[in-house]
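Subject: Structure for your review

Dear colleague,

Please find below the structure that I am handing over to you.

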Amino acid sequence: MKTASDFTSPPQDYNLIVPDGWFQLSLEPEERDRGIITLADRQFRGIDNAPQLKKELMRDLQRKAKEAYKVGGTEIYISTLTVGPLPLASSLLISIPALGEWPEVSDADELAEFLTGRRSAPGVENDELSVVPLAAAGKSVRHRCKEVADPTAQMGNTLPTTLLTYYVPIPATNRWLLLNFSTPMEPLADQMVELFDTVAGTLYWE
């Protein structure tokens, strides 16, 4: 497996390992509708009395998928894991912002300095920003924060959402790969973040 420093030309692809039970949803327009239907069918399998909830889930996924695709999203992983009756709600959006949306730097320390000046936002708490190494993908910027709930935009959720974003420089370019993890599981936020960190640590280039 190559590490980031081995690349003298841009990699062709990225790879990472996610837990069993995370559903992969491509954001390509010709693929996402089929994926959304498959996920909704899986989530409501054996439940015949919740057609409205199923429709709301599909509409919410469609909206989020379209918004993510507009900002460079390539795929979303959505957890279908449960502990007993409790769903371990979480997701991972992977995106590559378009040229011009980030400063043309390839150094994590420089990007961290840039992001530090953009961090203050209403409704955001526990803001942590640091530069960390990933075993194969290289040095990256890690940003953890907590976002106050917006029930109108989160299907009635009233718990804050914990967000963890890794900004990873794509070798031999001035572009960045973003791993955007999120979970509304406030009581388990630290444990979920540990899982997210583990997933990010498996990222490698091809």
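This is a predicted model: local features need pLDDT of at least 70, side-chain atom pairs count only at pLDDT 80 or more; totals for chains, interfaces and linings use all residues.

Strand β8

Strand β8 covers residues 138-147, and eight of its ten residues are buried, so this strand is largely enclosed by the rest of the structure. Its pairing partner is strand β9 (residues 161-169); the two run in the antiparallel sense and are joined over seven bridges. Within this pairing, E147 of β8 faces T161 in β9.

Nonpolar cores

The largest nonpolar core comprises 27 residues, and L92, Y166, L179, F181 and W205 have the most contacts inside it. Two or more residues each come from β6 (91-95), β7 (124-134), β9, β10 (176-183) and α4 (189-200). Of these, α4 gives the most, namely five residues. Another core lies apart from the largest one and has 15 residues, including L25, A40, I76 and I78.

Salt bridges

Side chains of opposite charge can pair when their charged atoms come close. The count of salt bridges in this model comes to eight, and three of them are described here.

The side chains of K139 and D109 form a salt bridge with an N to O distance of 2.7 Å. This pair connects distant parts of the chain, since K139 belongs to strand β8 and D109 to helix α3 (residues 108-116), 30 residues apart. K139 is partly exposed, at 41% relative accessibility, and D109 is partly exposed as well, at 40%.

A salt bridge also joins the side chains of K146 and E186, at 3.0 Å from N to O. Here too distant parts of the chain are linked: K146 is in strand β8, and E186 is in the loop between β10 and α4, 40 residues away. K146 counts as buried, at 16% relative accessibility, whereas E186 is partly exposed, at 25%.

The side chains of R63 and D60 meet at 2.7 Å, N to O. Because R63 and D60 are three residues apart in helix α2 (residues 51-70), about one helical turn separates them. R63 is partly exposed, with 32% relative accessibility, while D60 is buried, with 10%. Through salt bridges that share partners, D60, R63, K64 and E67 form one network.

Yours sincerely

Definitions and conventions
Residues are numbered from 1 along each chain as its sequence is written. Side-chain values use heavy atoms; hydrogens and water are left out. Buried means under 20% relative accessible area, exposed over 50%, partly exposed in between (1.4 Å probe, protein chains only). Helices (H or I, at least four residues) and strands (E, at least two) are DSSP runs, numbered from the N terminus. Two strands pair if DSSP finds at least two bridges between them. A nonpolar core is a set of buried Ala, Val, Leu, Ile, Met, Phe, Trp, Tyr and Cys residues joined through side-chain atoms within 4.5 Å. A salt bridge is a side-chain nitrogen of Lys or Arg within 4 Å of a carboxyl oxygen of Asp or Glu.
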